[in-house]
Amino acid sequence: MTGLQEMLGIRYPIIQGGMANIATGAFAAACSDAGALGLIGTGGIREAEGLRKEIHILRERTDKPFGVNLMLMNPETDKMVEICIEEKVPVVTTGAGNPGIYMEAFKAAGIKVIPVVPAPILAKRLEKLGADAVIAEGCESGGHIGEMTTMTLVPQTVDAISIPVIAAGGVADNRQMQAVLTLGACGAQIGTALLAAEECPIHENYKEAVLKASGSDTIVTGRIAGVPVRVLKNQMSREYLSQEKAGADKMELEKFTLGSLRRAVFDGDIKTGSLMAGQTCGQVTKIRPVAEILADICRGIPGIS
Ligand SMILES: Cc1cc2nc3c(=O)[nH]c(=O)nc-3n(C[C@H](O)[C@H](O)[C@H](O)COP(=O)(O)O)c2cc1C
């Protein structure tokens with residue numbers, strides 16, 4: 001046991017990343033059922049009631065613990081927070097902002113709050129505000145990223161705070177899992193490796209692109225605008241970079257990314273879609289059930305039955 005299993009009531013010390021447009025109630029249920037903490041991603045949910053629907057879908061499929069990932073920039077966040085409380089969601093992870101204003105309400109409802117942090121200084125601030133743990137996400141990961149690598153971020157965050165630290169970014173196999181535990185993390189949040197899960201609801205073209213990609217086939221868009229996002233190299237990411245250099249503003253670029261993720265996920269548009277993926281894509285070579293992926297990553301970790 002690493003402590004994370006006990007804290008969240010799960011078999012493996014793994015959280016499935018709350019990937020926008022991908023982490024549906026059905027996918028989160030499959031991950032929870034397989035022994036991880038499944039998360040429903042709200043990044044692609046336009047109206048708050050859509051979240052309630054996904055929670056109900058999940059609960060029809062599993063009675064295992066799960067969570068919701070709130071993107072705090074989403075204008076529906078206030079309503080989504082209320083829904084998490086009404087629906088007695090056990091765990092909330094947060095990204096893209098400071099969950100401080102919601103902390104009291106979450107605590108009163110007995111919800112565990114686990115923010116995603118890109119730097120130790122933010123982890124310190126969130127510990128003071130009452131976070132139960134943090135997810136320290138290194139820039140190897142797919143999607144929105146910070147500057148620090150998992151290798152540097154995890155130990156520095158562990159040293160900076162006394163609440164548990166979960167590593168994210170660059171964990172796709174057993175060696176990397178063992179490594180982040182050695183760095184002091186109590187578990188890992190995983191995105192890219194789960195894109196290739198049988199149960200993952202992305203278009204097969206997107207899955208194929210991840211399977212084919214090598215570790216050097218990702219690129220970071222949005223660095224100039226301050227919204228860095230790691231994606232696979234394709235026509236869209238190359239065009240994005242040239243738009244960025246031409247001076248497009250932050251909001252324009254963000255809309256461009258979100259819309260294009262939907263095109264990749266739902267339409268399988270691998271030319272103009274945004275194929276968010278992390279550097280572990282070079283290790284992801286076959287489509288397998290979630291249960292098999294998790295069992296492989298956690299092989300040999302003490303305390304897993
Ligand atoms: C396609 C994709 C979409 C993502 N969307 C989100 C999101 O909406 N919210 C979030 O907190 N993290 C998001 N992430 C990050 C994951 O939750 C997770 O932290 C990350 O993938 C871990 O690193 P890895 O890709 O190396 O496994 C996304 C990642 C991917 C690959």
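Trainee: Which atom of threonine 192 lies 2.5 Å from an oxygen atom of the ligand, side-chain or backbone?
Mentor: A polar side-chain atom. Keep in mind that this is a predicted model.

Trainee: And how much of the ligand does the protein bury?
Mentor: Taken alone, the ligand exposes 600 Å². The protein buries 96% of that.

Trainee: What about glycine 170 and the ligand?
Mentor: There a backbone N or O atom is 2.8 Å from an oxygen atom of the ligand. Glycine 18 also has a polar backbone atom at 3.3 Å from a ligand oxygen.

Trainee: Why does threonine 192 count as buried?
Mentor: Its relative accessibility is 9%, and the cut-off for buried is under 20%.

Trainee: What is threonine 192 in contact with, leaving aside neighbours within four places in sequence?
Mentor: Gly142, Ala277, Gly278, Thr280, Cys281 and Val284.

Trainee: Now glutamine 189. Where is that one found, and is it buried or exposed?
Mentor: Glutamine 189 is in strand E9. It is buried, with a relative accessible area of 10%.

Trainee: Which residues is glutamine 189 in contact with, again leaving out neighbours within four places?
Mentor: Ile15, Gln16, Gly17, Leu39, Ile135, Glu137, Ile166, Ala167, Ala168 and Gly169.

Trainee: Switching to helix H2. How many of its nine residues are buried?
Mentor: Seven, so the helix, residues 25-33, is mostly covered. The buried ones are Gly25, Phe27, Ala28, Ala29, Ala30, Cys31 and Ser32.

Trainee: What do those buried residues pack against?
Mentor: Three strands are on the list: E1 (14-16), E2 (38-41) and E3. The helices there are H3 (49-61), H9 (192-195) and H13 (290-297). Threonine 192 sits in that H9.

Trainee: What happens just after H2?
Mentor: Glycine 35 takes a positive phi of about 115°.

Trainee: Which residues other than glycine have a positive phi?
Mentor: Asparagine 21 is one of them, with phi near 70°. Lysine 88 is another, with phi near 55°.

Trainee: Where do they lie?
Mentor: Asparagine 21 lies in the loop between E1 and H2. Lysine 88 is in the loop between helix H4 (77-86) and strand E4 (91-95).

Trainee: Buried or exposed?
Mentor: Asparagine 21 counts as buried, at 10% relative accessibility. Lysine 88 counts as exposed, at 64%.

Trainee: Last topic, aromatics. How many pairs does the count come to?
Mentor: One aromatic pair. The rings of tyrosine 102 and phenylalanine 106 have centres 6.4 Å apart and planes at 55°, so the pair is tilted.

Trainee: Are those two residues buried or exposed?
Mentor: Tyrosine 102 and phenylalanine 106 are both buried.

Methods: Residues numbered from 1 in each chain as written. Predicted model: local features only at pLDDT ≥ 70, side-chain atom pairs only at ≥ 80, totals over all residues. Heavy atoms only, no water. Phe/Tyr/Trp six-rings, centres within 6.5 Å; stacked < 30°, edge-to-face > 60°. Buried < 20%, exposed > 50% of the residue type's maximum accessible area, 1.4 Å probe, protein only. Polar contact = N/O pair within 3.5 Å; in protein donor to acceptor, adjacent residues only side chain to side chain. Areas by Shrake-Rupley, 256 points an atom, 1.4 Å probe, with all protein chains shown as cover. Helix = DSSP H or I, 4+ residues; strand = E, 2+ residues; numbered from the N terminus. Contact = heavy atoms within 4.5 Å.
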